[in-house]
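Please consider the sequence and the model shown below.

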Amino acid sequence: MTATSHRSPEPATQPGGKPGQDQPRRTQPRRPGPGLYPWVMAGSIAVAVLGAALSLNGVLRGWAWFMPLITTVVVVSLALAGLRALGARPILATLGSLASLTGVLSFIFCRQDSLAGFIPTPGTLTAVGRLIKRAGETVVSESAPVAPNAGIVFVMCACLGLLVILVDALAVPLAMPAASGIGLIAIMVVPATIKPQSVGMPGFLGAAVGYLLILGCSHWFAPDARFQTGTGRGSGQFRRSVVTGGLALALAMVVPLAIPGFETGTFPQGSRLSPWGTSNGLNPMITLGNSLRSPIGSGRITYATSSGSALYLRSVTIDHFDGETWAPDDRAAQRRTGADRIETGYSVQGDVVNAVTSVNAGLFTSPYLPVPFAPASVNGLNGNWTWDPQTLSIMSSETTTRAQRYVVFSAAPKVTAKALAQAAPTPKGISDDFLRIPNGLPEIVRQTADAVTRPAANNYAKALAIQKYLRSGEFTYSLQAPVQNGYDGNGLSVLADFLAVKSGYCVHFASAMAVMARAEGIPSRIAVGYAPGRLTGESVALVGQGSFPEYEVDARDAHAWPELYFEGLGWVPFEPTPSRGVVPEYASESSTAGNLSTNADEKDVPTTQAPPATAPVPLPGVDTPATTTASVNPYPAMIAIAAGVLLLIGFLCSPRLSRSMLRRRRLNRKPPGDSHDGPPGSADAAPQLAWDELQDLATDYGVESTPSETPRHFSAKLRSSPALGEVGGMDDAAHAAVASLTSDFERQRYGRPAETAPAAATRIAVVRESLRNNATWLVRFRADWLPPSMMRRWVHALGAPFRAVGALGKWLGWKVARVWRALRGLLPERR
């Protein structure tokens with residue numbers, strides 16, 4: 001009988017390990033280590049947030065807001081990357097990034113109120129409060145696209161800086177990179193609910209590219225521990241990615257059609273989330289600035305009148321002022337239906353000037369009807385319209401002015417300077433709403449009103465004095481100065497800034513005169529509509545009146561002017577805006593008539609040097625000249641920024657950089673026995689990674705490897721390959737390095753590795769230097785900038801969708817054939 005020895009099973013070992021030793025690194029999830037990871041991840045997050053922020057163009061007008069945003073996002077991202085590269089704990093990295101966000105916001109927006117320009121002080125908090133208040137005014141009163149004043153840009157930069165920290169927390173310490181898309185969605189929800197064209201293609205693509213960079217960075221630097229090669233790419237990884245991306249795209253196409261609240265359109269272009277229904281977008285005082293800054297006129301209106309001269313067309317009367325903004329008071333309970341008979345709610349004495357005006361609203365769309373003042377009746381309207389006895393404004397809650405053609409019979413009182421001077425100083429029968437001044441009137445407003453009107457003996461003289469002051473050479477007309485200096489609105493704080501800077505457009509001049517008139521006890525309101533327009537060269541026949549010349553106005557002629565109440569004459573218009581509109585005869589004693597239209601370019605407007613601004617907060621990233629109001633052309637800067645970004649993206653995506661990153665990731669391994677957590681991979685996998693790098697290095701210099709070659713055969717071929725130039729091989733140091741790397745790989749693959757071995761990075765560097773010295777300049781250029789090993793990976797990746805489609809077709813064909821065979825088995829056999 002033969003004795004059989006029973007051997008107990010040996011303890012399981014990992015490749016490169018010793019019997020009886022546990023190898024926790026091969027079973028635990030690997031964490032990204034130091035090196036490029038923090039910086040690449042921070043760059044990916046910055047690209048994602050800034051790419052998603054591209055969708056905000058159209059919510060905010062122009063691109064002046066983008067540079068402060070770039071600065072904020074980049075500073076916060078660099079702070080996070082630096083702290084993580086230094087090994088800071090996650091909570092410390094988050095706190096440090098919050099500190100950097102506070103510092104950069106203080107530097108950009110509150111530099112003068114901060115210690116050393118970036119350390120917050122109590123004065124900084126006060127300045128921040130003003131900025132937030134300004135942003136609140138903008139959100140409440142403006143319609144998109146809003147002016148990028150300092151307040152709204154501050155809030156946007158603060159929110160996106162916090163989103164950078166949120167996305168980083170989800171992607172890095174919480175290890176949930178897929179959830180980082182929540183922050184990007186939060187950015188895109190804003191344009192999706194506001195802009196008619198929704199997110200838009202640039203914003204969608206920017207967010208998608210950034211999101212893929214975050215996922216790719218996490219996947220590249222934190223690979224799956226199941227693979228010894230240090231890569232997380234398995235055989236089915238790309239196929240699963242294609243399927244997941246296809247399902248996501250299909251859902252994106254279907255969701256807007258299946259969920260209520262989305263308007264018709266293809267995602268992302270044209271599909272707009274609209275939970276609050278259609279908005280007319282009308283806030284008359286603010287949309288004026290948007291219309292005036294329009295490069296082309298829209299909403300063309302034509303009219304012909306028997307008055308003998310061009311008229312102001314009034315759309316709405318602004319009489320409610322709460323200190324934050326001027327707004328129309330529709331007084332729904334007092335409105336009367338039917339515009340065929342209109343009567344004023346106050347008495348008018350003296351002569352009346354009658355006129356007939358035919359209006360064609362064309363494509364102009366508004367719930368308020370543009371008519372000359374004061375309408376006595378309107379004929380030819382479609383739909384239900386109502387009018388206010390206090391203001392004579394005509395509006396409809398059911399239809400708009402679009403495609404309306406109507407005739408207006410107006411009866412305005414004849415106003416003369418003598419009648420105005422004789423008007424009673426205390427108006428009677430007028431609502432106190434037109435005299436109300438909110439609390440907190442800035443001292444500069446009251447002081448200016450008192451100083452300007454001090455010599456005046458009556459209300460008419462006071463009105464002339466205020467108009468003369470605002471039309472004087474101290475003030476300049478500018479569409480850009482309010483935007484650049486951050487006071488493009490109509491609240492009390494905006495009025496104070498306007499009087500300090502002395503530059504603005506009709507909204508600011510009309511608001512200033514109305515408020516100063518109320519401060520002097522004169523009832524006031526603001527009319528919004530169109531200044532007298534231009535002749536079209538056509539004539540229009542009015543029934544029973546004859547033929548009259550036709551005028552036209554468009555969005556660029558939008559205008560605002562104040563109206564002051566005088567007993568016995570009613571509401572009397574004035575024109576305080578310099579070089580715009582036409583000054584009435586009764587108010588032209590100390591003024592000069594300007595252009596009939598607001599269409600003139602700013603360069604045609606006489607300007608004078610304005611004093612330097614001290615009160616307003618300048619818009620960050622925009623230089624505001626003190627001696628000119630010419631508009632700034634942002635396109636050269638935008639082109640330069642775009643070119644720089646494209647060059648940066650091109651460099652980051654270049655094969656050279658990708659190859660260098662792959663080499664670093666393979667060779668930057670900690671030595672065996674190091675107690676610290678290392679980067680992806682482990683010491684016993686280093687020979688495999690070094691061998692992969694040696695093969696790719698040889699491929700880059702023209703020495704191809706084949707699957708049938710043994711390691712020693714490939715090593716011999718590399719050391720004596722004629723592809724290395726006329727020298728005919730490598731130097732002795734490179735020979736020894738290749739032989740050493742081959743030996744390490746064979747030991748790791750077929751036996752136990754050596755106890756000690758030189759660093760693989762050092763030996764690879766020796767081989768690489770020798771290959772460069774023995775190669776021609778063309779081969780060296782190709783190996784550096786277009787390495788064949790990397791190019792093949794990219795070609796393989798580009799072909800993956802086609803392979804996936806082929807595999808999917810093959811699988812579907814197999815399924816169809818299987819179902820067909822099953823169905824054939826159910827059919828009766830033919831005889």
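The model is predicted: local features need pLDDT of at least 70, side-chain atom pairs count only at pLDDT 80 or more, and totals for chains, interfaces and linings use all residues. Residues are numbered from 1 along each chain as its sequence is written, and side-chain values use heavy atoms, with hydrogens and water left out.

Helices (H or I, at least four residues) and strands (E, at least two) are DSSP runs, numbered from the N terminus. Helix α2 comprises the 20 residues 66-85, and its end C-alpha atoms lie 28 Å apart. Just after α2, Gly-87 adopts a positive phi of about 85°.

Helix α3 (residues 90-109) gives the most to a nonpolar patch, with 4 residues. That surface patch, of about 460 Å², is made by Ile-91, Leu-92, Leu-95, Leu-98 and Leu-162. Patches are made of residues with over 30% relative accessible area and no salt bridge; like charges are joined within 9 Å, and nonpolar side chains (Val, Leu, Ile, Met, Phe, Trp, Tyr) within 5 Å. A salt bridge here is a side-chain nitrogen of Lys or Arg within 4 Å of a carboxyl oxygen of Asp or Glu. Accessible areas come from the Shrake-Rupley method with a 1.4 Å probe, and for residues only the protein chains shown count as cover. Leu-95 belongs to helix α3 and counts as partly exposed because its relative accessibility is 48%, between the limits for buried (under 20%) and exposed (over 50%).

An open sheet is formed by 6 strands in the order β7-β10-β6-β1-β15-β14, with antiparallel pairing. Strands β7 (375-379) and β14 (534-542) stand at the edges with a single partner strand each, so one side of each lacks a neighbour in the sheet. From one strand to the next, the twist averages 25°. Two strands pair if DSSP finds at least two bridges between them.

Strands β6 (residues 352-360) and β10 (residues 405-413) are joined by 9 bridges, and Ser-358 has Val-407 in β10 as its bridge partner. Strand β1 (residues 301-305) pairs with β15 (residues 546-553) over 4 bridges; Ile-301 stands opposite Val-553. Between β14 and β15 there are 6 bridges, with Leu-535 partnered by Tyr-551 in β15. The hairpin of β14 and β15 has 3 residues between the strands, and Gly-544 takes a positive phi near 75° there.

Definitions and conventions:
Buried means under 20% relative accessible area, exposed over 50%, partly exposed in between (1.4 Å probe, protein chains only). The expected span of a helix is 1.5 Å times one less than its number of residues. Axes are lines fitted to C-alpha atoms, for helices over the stretch in contact, and angles run from 0 to 180 degrees between N-to-C directions.
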